[in-house]
Amino acid sequence: MVMVLNNKTFCMMRLFSLFFFISTTIGFAQQGTPWRLWYNSPSGTTWENALPIGNGRLGVMVYGNVEKEILQLNEHTVWSGSPNRNDNPEALAALPQIRQLIFEGRQKDAEQLANKVILSKKSHGQMFQPVGNLELSFEGHESFTNYHRELDIERAVAKTSYQVDGVTYTREVLASFTDRVAIVRLTASKRGSLTFSLAVSTPQSNAIIKTNNQNEVSIAGTTADHEGIEGKIRFKGLARVKPEGGTLSSTDSTLMVKGANAVTIYVSIATNFNNYNDISGDESKAASVYLDKAYKKTYDNILNAHIKEYQKYFNRVKLDLGTTEAVNLPTDVRLKNFANVNDPQFAALYFQFGRYLLISSSQPGGQPANLQGIWNHKMKPPWDSKYTININAEMNYWPAEKTNLAELHEPFLKMVMELAETGKETARVMYGARGWMAHHNTDIWRINGAVDGAFWGAWNAGGGWTSQHLWEHYLYNGDKTYLASVYPALKGAAMFFVDFLVEHPTRLWLVVNPDMSPENAPKAHQGSSMDAGTTMTNQIVFDVFSSVIRAAGILNRDASFVDTLREMRNKLPPMHIGQHGQLQEWLDDVDDPKDNHRHISHLYGLFPSNQISPYRTPELYSAAKNTLMQRGDVSTGWSMGWKVNWWARMLDGNHAYKLIQDQLTPVGTNEGGGGTYNNLFDAHPPFQIDGNFGCTSGITEMLMQSADDGLHLLPALPEVWPSGSVSGLRAKGGFEIVELQWKESKVARVVLKSMLGGNLRLRVPNGLKLATGSGLKEASGVNPNPFYQLDEIQRVVIAPQAIVVLPQLKNTLVYDLPTQSGKQYELILSK
């Protein structure tokens, strides 16, 4: 058949075709770019504008500059110092005097004494340090157009593109998960157009940079001495160039590429670090082995293997909160606008960015993500970029289990096991106790002593808190072999408190003394943080004892020790509601309702613990809410990240979302508080990565919780997310959300997989039925699933002046569904 077209018809068809093309292109653009951070200007000299890539061993900050590109390099074991201990044995003899001073209400005197006898007289911790910069200089590229840079967190690839004199230049950078090298790929739209020089610079004073041959630059050095500890980490970095076409030449320290069609740069870095007490490795051999193996491969081969390995983790969880036109704007503009526009996809992007950062900075066999993950450009970074274990290091790993990255918990869990070894001597020589302990900071050398000052460093519950991550990992996987392997560390954490607890002279409870509520001090205690029996520590000791009681029962061990733990647990102080209706931070009712301190440590019992519940402990729920209201919302970045989790546990999705808005505010905008840098790094300020991970955890808690006696779907859904879907989240007891869809704030469909079998207790906002048509059984009694066993806390003590308003909770339905291991269960809306 022949179709005859007149001009009018032809023009209409062309117009329709053009409309279809534009619509389709926009559609594909939106579908293709949701998981990207992108910008239309270079980073310049601002490190916090650069984009992070990493593979758990190497960290690279990609500036995306045109005429002088900077790739700032880190390696996870490049730390100052060498194996060392920093205990202060003078603590033991002075312990009775410190305790007496605190019990007499002379906290400041106790703190001054602690500064002399508890605080380390040796190192206060070593520093995570940079290797240096890889610098690519492009002469004549000062004037450019069509600039674009991005970080594709779905592929873990950073990309920069621009035009000069009609030629499009493109760079891609990745840190290979399979080949343990960083790769830079440079291409141009016109053959023979790539001309640049390559150099390496470093702030390390004990380093030598040279060209080894015509296509390779090396950096070799030793890390810095610090606080009397000799730097003994030797590092070796190699950058090898593979040009396609053109010429390659070199000077003593620089490589020059001229007229190439494409170039691939392979970067390998290694050190002599084997573990915290073994630095006998061969850094030169290791760096060469990684490089030689990767250099034989093409960029495409490395890229494809890298993406496949990365997506093994990233693709496990998918989140759709809806999309608006805001998704088409650059990331820095979206950040600036987020508090005032509807951009639900930006919250989803930030959630996935947190998962991206954990995948990139924490891999099995490597070091845990530190205060800055694996990215740092300063020789003396804030707080040494080490591990602050009175909140920050733990927060890094809050998303690990529930966002389906359990394997990435391993570096932190291994660090806890190592601290359980090094901490035995600290417990013995400083406190005359069995078991193990840690104070508020550690580093790559697994120090356990007190640092910084007694006001911060005399806190002694670091071992207790970190040990709970070992237990949490078991609650998700149910692996008894694993539990047996970590049981000695769990028991050791409990053993320390068994020996360290003392009876309060007037209240007669068992308390930790000396103690503190991290980094906060009431005016009534002379501005000293030191005290006895603070609420947070009581909660931590309760959890430590409870987890060992349960673990010992599962493994059929230590019956007499368990009896001791039960008896002592019953003598711990109960939580108190004070005169302002607040959850007391200290045993004394001395909280200031105008205190806006960033640490709200006594809400540990609300999150990450589950001692405070709107359903089981309504009075404590009310007190926790009052405390949150009194402390306010805007604070440091990591503190706001913690508050997202707390408000989710409060079942208040709108308030949790408000905290996300506060956190996703450009740094410097929140008066007196933190926020977010243009590259979406969390700002204390300065940069601390814990806030990123904390908010990712908080968004998860808004959609799903498994902290109480069952799995709660949509517990804190904000009004701005009325419809959406999520898949891949994990719950305690081996349950996984294969898919959860909600519409009009109701669960429309959910598919759940049971990995371990057992009863699934499900709390939902609306009625559900099995997709087969069968009804669901209404829950009754105690959940028989052992992974949801709850330990009853002591009855709360309420001040006579306190006004306690019990919560008015939204109606929910609770079902019990027996499950079998390995099977899936589909539930749909019951009309």
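Me: Tyr162 and Tyr169, buried or exposed?
Reply: Tyr162 is buried, and Tyr169 is buried as well. Keep in mind that this is a predicted model.

Me: How are the rings of Tyr162 and Tyr169 arranged?
Reply: Their centres are 5.6 Å apart and their planes are at 20°, so the pair counts as stacked.

Me: How many aromatic pairs does the structure hold?
Reply: There are 33. One of them is Phe353 with Tyr356, stacked at 6.0 Å centre to centre with 15° between the planes. Both Phe353 and Tyr356 are buried.

Me: Which residues do ring pairs link into a cluster?
Reply: Trp398, Trp465, Tyr604, Phe607, Trp638, Trp642 and Trp646.

Me: What lies over the face of Tyr615?
Reply: Arg763, at 3.7 Å from the ring centre. Arg355 lies over the face of Phe314, at 5.7 Å from that ring centre.

Me: Backbone now. Which peptide bond has omega of about -15°?
Reply: The one joining His684 and Pro685, which is cis. The bond from Pro685 to Pro686 is also cis, with omega near 5°. Pro685 is in the loop between β26 (682–683) and α19 (690–703), and Pro686 lies in that loop too.

Me: What is phi of Arg180?
Reply: Near 60°, a positive value in a residue that is not glycine. Most residues other than glycine have a negative phi. Arg180 is in the loop between β8 (167–175) and β9 (182–188), and at 28% relative accessibility it counts as partly exposed.

How values were computed:
Residues numbered from 1 in each chain as written. Predicted model: local features only at pLDDT ≥ 70, side-chain atom pairs only at ≥ 80, totals over all residues. Heavy atoms only, no water. Phe/Tyr/Trp six-rings, centres within 6.5 Å; stacked < 30°, edge-to-face > 60°. Buried < 20%, exposed > 50% of the residue type's maximum accessible area, 1.4 Å probe, protein only. Lys NZ or Arg CZ within 6 Å of the ring centre and 35° of its normal. Helix = DSSP H or I, 4+ residues; strand = E, 2+ residues; numbered from the N terminus.
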